[in-house]
Amino acid sequence: MSTTAVHSLWTTAAEPLDKIPAPHIEYAQLAPTLIVVGAAILGVLVEAFVPRKGRHYTQVFLAVVALTAAFAAVVGLAAGGYGTTKAHIAAMGAIAVDGPALFLQGTILLASLVAVFTFAERRLDPAAHGSRVDSFAAQAGSVPGSDSEKAAVRAGFTTTEVFPLALFAVGGMLVFPAANDLLTLFIALEVFSLPLYLLCALARRKRLMSQEAAVKYFLLGAFSSAFLLFGIALLYGYAGSVSYARIADVVDGTVQTIDPALAGTMGNDALLLIGGALILTGMLFKVGAVPFHMWTPDVYQGAPTPITGFMAAATKVAAFGALLRLLYVVLPGLRWDWRPVMWAIAIVTMLGGAIVAITQTDIKRLLAYSSIAHAGFILAGVIAVTPDGVSSVLFYLLAYSFVTIGAFAVVTLVRDAGGEATHLSKWAGLGRRSPLVAAVFAVFLLAFAGIPLTSGFSGKFAVFRAAAEGGAGALVVVGVISSAIAAFFYIRVIVLMFFSEPKPEGPTVAVPSPLTTTTIAVGVAVTLVLGVAPQYFLDLAGQASVFVR
């Protein structure tokens, strides 16, 4: 390199810039996410500055207000036409504000609001040393069974950090289905995954099992994040950009200008196929599809039950939203390549989840395998590749999230001396001891099974109809068969509750505070309304089914 060349580099570097262009951010359209993340940061400050006695109520109030305000912001944006006519890409191309994003954000916020009520429940366990206790460890940092833990329990400590952690997770989940470039997608994934790894480790009872669940989730989650990141790198090499629209244009072959620095790799199909496969692997892990489902039963069983309900509902909504956007916006040109693979994954997920669930003896593991089977049913709608496919998936996610949170809220009520009685044998005769709780749980189980007049039936019908119209008739047949297999173990639990003799040493049903009662009541109401009169919500999902490109 000659001295003149070096000199010219210096002079260009030294020329004064007039001004650095400021980024253009549409704060009003990002309000739902900003409200939740702002409240999460306030929650961290509450932990630092509010006296210990007042923290629980302050955090609950802050979380409920933030989630309600964020939901109001979503409704405001939808009413302002941002879901339909004004849909556009905001925040310098990073976030899409469109129908699917707003619908999914609204669903996540409502589900999280209902789940936060179960976090705040403090009447189920008997009071310890004169202070009420919730589902979370007295002091998360202390070793299970150690003197410091016993001292924390005696002092009546509570882990109120769960509320800001949950809000950070919700903030990440709101960005995840709305992300419009791959880096935003990855950052959102980490923002909602890391708090969930922590929340899984905080159970008050069965601390070791809870910590084991968190470590398993963290290790496997780190693997899936690595797959996703490697896929992003390969797709960047292929398209020369991480923007969804740009990658889609390169896949379609409509881009003519090639960056000279990337001329060697741009348009190389091997990078596209391997990168796409790795990104889908990362997404299918979050969804809990077979063969990436290994973490689900262990994590669902070990995590505190309120966290399990929150995670099972909200994470699925966020992950399926992001998966839909990737397949419909970025890779529609690759449809012939990804559809056969997704067919196979949907079939093994539906059958695998339903068949393995039959062998389960723990109610939380049974619900975990049931959630895997439901991931397969939702994938049938994803494979349809039609606007009906998108709207059916949106409706199914709305219906599924409330049934799930409601079912896990009921699980928190059935208790014995060791805390929650999750072994199925303990649930025998529950219908005679506590007919109301058993009846409510039966409603949720029937909704999972897809029995008519419940939201599960409306959701399954919508998804299967979209799949059949999209040319995936064989998939619908497999779906109906696995639904029949799944109905067996749901109805087995109902028979166990109502038609077997209660054991004298069986568990008791705790009387919850209005918080958990509200959660369960909302779950039942949504399940019945979406089952008996689903048309308004199907129309709403239909209006919200167009992605902005």
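Colleague: What makes the meeting of the Asp298 and Arg365 side chains a salt bridge?

Modeller: The distance from N to O is 2.9 Å. The term calls for a side-chain nitrogen of Lys or Arg within 4 Å of a carboxyl oxygen of Asp or Glu, so this pair counts as a salt bridge. The two partners sit in distant parts of the chain, 67 residues apart, with Asp298 in helix α11 and Arg365 in helix α14 (residues 363–383). Helices here are DSSP runs of H or I with at least four residues, strands are runs of E with at least two, and both are numbered from the N terminus.

Colleague: Before we go on, what kind of model is this?

Modeller: It's a predicted one, where local features need pLDDT of at least 70 and side-chain atom pairs count only at pLDDT 80 or more, while totals for chains, interfaces and linings use all residues. Residues are numbered from 1 along each chain as its sequence is written, and side-chain values use heavy atoms, with hydrogens and water left out.

Colleague: Why is Arg365 called buried?

Modeller: Arg365 has 19% relative accessibility.

Colleague: Which residues are linked with Asp298 and Arg365 in a network of salt bridges?

Modeller: Glu212 and Lys216 join them in that network. The structure holds eleven salt bridges.

Colleague: How do you know that Arg432 and Glu501 pair up too?

Modeller: Their side chains meet at 2.8 Å, N to O, in a salt bridge. Arg432 lies in helix α16 (residues 430–433) and Glu501 in the loop between α19 (473–499) and β5 (508–509), so the bridge ties together parts that are 69 residues apart in sequence. Glu501 is exposed at 56% relative accessibility, and Arg432 is partly exposed at 45%.

Colleague: What about Arg55 and Glu47, how far apart are their closest N and O atoms?

Modeller: They are 3.7 Å apart, and the pair forms a salt bridge. Arg55 is buried, with a relative accessible area of 15%, and Glu47 is buried with a value of 15%.

Colleague: On to the inside: which residues of the largest nonpolar core touch the most other members?

Modeller: Phe176, Leu185, Phe310 and Phe441 do, out of 184 residues in that core. Helix α12 (residues 305–330) gives the most to the core, with 18 residues. A nonpolar core means buried Ala, Val, Leu, Ile, Met, Phe, Trp, Tyr and Cys residues joined through side-chain atoms within 4.5 Å.

Colleague: Which residues is Leu185 in contact with?

Modeller: Leaving aside neighbours within four places in sequence, Leu185 is in contact (heavy atoms within 4.5 Å) with Phe176, Ala179, Leu228, Tyr244, Met283, Ala322 and Leu326.

Colleague: What lines the largest pocket?

Modeller: There are 22 lining residues, and Phe71, Leu102, Phe103, Gly106 and Leu540 lie nearest the centre of the pocket. On a 1 Å grid over the protein atoms alone, a pocket is an open set of points where a 1.4 Å probe fits, with protein on both sides within 12 Å along at least five of seven lines; lining residues have an atom within 4 Å of a point. Helix α4 supplies the largest share of that lining, six residues. The lining has 16 nonpolar residues, six polar and no charged.

Colleague: And how does the lining of the second largest pocket divide?

Modeller: It has six nonpolar, five polar and six charged residues. Asp, Glu, Lys and Arg count as charged, Ala, Val, Leu, Ile, Met, Phe, Trp, Tyr, Cys and Pro as nonpolar, and the others, Gly among them, as polar. Nearest the centre of this pocket are Lys53, His56, Tyr57, Arg122 and Arg132, among 17 lining residues. Helix α3 gives the largest share, five residues.

Colleague: What makes the phi of Ala91 stand out?

Modeller: Phi of Ala91 is near 55 degrees, a positive value in a residue other than glycine. Most residues other than glycine have a negative phi. Ala91 is in the loop between β1 (88–90) and β2 (95–97). Met92, in the loop between β1 and β2, also has a positive phi, about 60 degrees. Ala91 is buried at 12%, whereas Met92 is exposed at 58%.

Colleague: Where is Pro291 found?

Modeller: Pro291 is in the loop between α10 (269–287) and α11 (295–302). The peptide bond from Val290 to Pro291 is cis, with omega near 5 degrees.

Methods:
Buried < 20%, exposed > 50% of the residue type's maximum accessible area, 1.4 Å probe, protein only.
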